[in-house]
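Dear colleague,

I am handing over the structure below. My notes on the strands and helices follow it.

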Amino acid sequence: MEKVRAKKHLGQHFLKDLGIAEKIASSVTGHGGVRKVLEIGPGMGVLTDFLLQVDWELYLVDIDKESIAYLHQKYPQLGDKIIDADFLKFDFGKIIDGKYIVAGNFPYNISSQIFFKVLEQRNNVTEVVCMLQKEVAQRIASPHGNKDYGILSVLLQAYYDIEYLFTVPPTVFDPPPKVNSGVIRLKRNETITLDCNEKLFFRVVKQGFSTRRKTLRNALKSMGLTEEMKSDPILDKRAEQLDVPAFISLTNKLEMSWKE
């Protein structure tokens with residue numbers, strides 16, 4: 001089988017270090033007793049080989065036609081579990097019944113979008129183990145009060161317990177990226193729904209970080225703050241100073257202030 005060419009427009013950097021591939025695969029725990037694993041962007045199957053050594057029910061999804069052809073040749077036993085699709089647009093409920101785990105070496109250029117899709121599917125995605133650009137990985141795992149802390153940190157930490165596992169140098173990829181990579185693990189927590197209007201919570205978090213150097217009083221101005229709300233001391237803070245419970249509290253205060 002001919003090797004698959006890494007394509008720049010797809011953000012592909014193929015992992016070639018077997019030790020790291022094994023370490024990523026062994027970081028998948030089967031949280032909540034889930035056995036179905038969906039690998040995003042398997043490329044030539046370096047990570048897939050190690051995932052297949054465990055009795056996961058494995059699904060592969062790739063947007064690269066060349067990879068899909070290669071994977072069908074390499075893993076004929078997976079058959080229609082090799083999915084030729086764009087992860088961001090595909091409805092996995094059509095193929096995967098119930099809860100599943102997401103794993104993979106995520107393409108750098110869409111890693112944030114992958115996480116927004118995971119958030120949409122949060123009641124089905126019980127665990128995520130992935131490698132992505134180190135600074136994005138750090139941001140997702142970052143605690144509040146840290147300059148790395150941002151929109152994805154808050155939204156993902158509301159529903160997942162997150163660990164930064166290890167850093168990976170550029171030299172283990174073909175072609176090597178210009179930055180370090182990081183591997184993180186997310187495990188779905190007990191929160192089914194937040195103790196607030198979730199749609200509004202998402203809006204408040206995104207708006208709060210839209211001008212992250214400003215206080216929340218300035219950042220949330222466009223949301224129509226009432227006079228009473230404007231004097232609330234929570235608005236003296238910047239978005240990065242608020243943890244998930246504080247954002248939930250702020251969401252509830254906003255909603256109450258509009259009703260009064």
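L38 stands opposite V102 in strand 5. Strand 2 (residues 36-40) and strand 5 (residues 100-105) run parallel and are joined by four bridges; helices (H or I, at least four residues) and strands (E, at least two) are DSSP runs, numbered from the N terminus.

This is a predicted model, in which local features need pLDDT of at least 70, side-chain atom pairs count only at pLDDT 80 or more, and totals for chains, interfaces and linings use all residues. Residues are numbered from 1 along each chain as its sequence is written, and side-chain values use heavy atoms, with hydrogens and water left out.

The open sheet has seven strands in the order 4-3-2-5-6-9-7, with mixed pairing (two strands pair if DSSP finds at least two bridges between them). Strand 4 (82-84) and strand 7 (160-168) are at the edges with a single partner strand each, so one side of each has no neighbour in the sheet. On average, neighbouring strands of this sheet are turned by 20 degrees against each other, direction ignored.

Helix 3 (residues 65-74) lies across strand 3 (57-62) and strand 4, at about 160 degrees to strand 4. Angles run from 0 to 180 degrees between N-to-C directions, and axes are lines fitted to C-alpha atoms, for helices over the stretch in contact; contact means heavy atoms within 4.5 Å. Helix 4 (residues 111-120) lies across strand 2, strand 6 (125-133), strand 7 and strand 9 (181-188), running at about 175 degrees to strand 6.

Regards
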